[in-house]
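Work through the exercises below with the sequence and the coordinates at hand. Each task is followed by a stepwise solution.

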Amino acid sequence: MDFSHVRVWIFDLDNTLYPPEAQLFAQIERRMTAYMMRVLGVPQGDADRLRAEYWRLHGTTLAGLMAEHQVDATHYLADVHDIDFSVLDPAPDLAKAIAALPGRRIIHTNGDAAYARRVLAARGLDDPALFDSVYGIEEAGFHPKPAAIAFDRVLGAAGIDPQQAAFFEDDPRNLAVPHALGMRTVLVGQGRHGPDALDGLAEHGPHVQHRTDDLTGFLQGLLRG
Ligand SMILES: [Mg+2]
């Protein structure tokens, strides 16, 4: 499928711009559980169960906490993202490939923008020439992907025509709305499939148009045409 019309390249952050092997999310999840135990006054088992339930029902733990417990988002985000970033390695080849993409490059993450910038710095992806903008959950009015309103907010704020955009994301749920809006969709990671980029596509549904375990190689392939 052709990407020659794409003028805006939208990237998820977590487990998309760094490999899931870094297990950054395991650190964040431990802090989420600890936060919920503290704020809700529940034991660890209940906190873990609620966290999984909020993720499933609301898209993120934060969305569930805001909807059901009126938790202060800024306080929560600063706390759960206070983690060790030294587990991330710089990715110079990925930086080069992203810098070579024609048009605008932006990030749309369910984390907050301050956290995203720390991840980008640790990956060596913080050159201002790489990404035009970083849209965190606060720019989306605290609406998480996969909700349509989250995409509406970011596309509106960035002034993006989705027909000219491509979305790279590790959570297949988050590609449904981009596909419905006319974007090219690429599922990144999910390395349980074989090396063939088409292998295992069908199980996700038609909203996943491409799949790769190697984002850098995929982008280099696009650039070669
Ligand atoms: Mg992600």
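The model is predicted, so local features need pLDDT of at least 70 and side-chain atom pairs count only at pLDDT 80 or more, while totals for chains, interfaces and linings use all residues. Residues are numbered from 1 along each chain as its sequence is written.

**Exercise 1. Describe the overall dimensions and secondary structure of the protein chain.**

Step 1. Count DSSP runs, taking helices as H or I of at least four residues and strands as E of at least two, numbered from the N terminus. The protein chain has 9 helices and 6 strands.

Step 2. Take the radius of gyration over C-alpha atoms and apply the globule rule, 2.2 Å times the number of residues to the power 0.38. For 225 residues a compact globule would have a value near 17 Å, and the 17 Å of the protein chain agrees with this.

Step 3. Along the principal axes, the C-alpha atoms fill a box of roughly 55 × 35 × 35 Å.

Step 4. A residue is buried if 20 or more other C-beta atoms, placed from the backbone, lie within 10 Å of its own, exposed if 12 or fewer, and partly exposed in between. Buried residues account for 37% of the 225.

**Exercise 2. Which residues form domain 1 and domain 2, and how many does each give to the contact?**

Step 1. The bounds come from an automatic or database domain assignment. Domain 1 is 8-18 + 89-224, and domain 2 is 24-80.

Step 2. Over C-alpha atoms, the two centres are 24 Å apart.

Step 3. Contact requires C-beta atoms, placed from the backbone, within 7 Å. Domain 1 contributes 12 residues and domain 2 contributes 9 residues.

Step 4. Classify Ala, Val, Leu, Ile, Met, Phe, Trp, Tyr, Cys and Pro as nonpolar, Asp, Glu, Lys and Arg as charged, and the others, Gly among them, as polar. The side of domain 1 that touches domain 2 then has 7 nonpolar, 2 polar and 3 charged residues.

**Exercise 3. Determine how α1 packs on α4, and α2 on α3.**

Step 1. Angles under 35 degrees count as roughly parallel, over 145 as roughly antiparallel, 65 to 115 as roughly perpendicular and the rest as oblique.

Step 2. The axes of α1 (residues 24-40) and α4 (residues 73-80) are 9 Å apart, at an angle of about 135°. The pair is therefore oblique.

Step 3. Ile-28, Arg-31, Met-32 and Tyr-35 of α1 meet Tyr-76, Asp-79 and Val-80 of α4. This contact holds 5 nonpolar, no polar and 2 charged residues.

Step 4. Helix α2 (residues 44-58) crosses α3 at roughly 90°, the axes coming within 7 Å. The two are therefore roughly perpendicular.

Step 5. Among the contact residues are Trp-55 of α2 and Leu-65 of α3. The classes are 6 nonpolar, 3 polar and 1 charged.

Terms used:
Axes are lines fitted to C-alpha atoms, for helices over the stretch in contact, and angles run from 0 to 180 degrees between N-to-C directions. Two residues are in contact if their C-beta atoms, placed from the backbone, lie within 7 Å.
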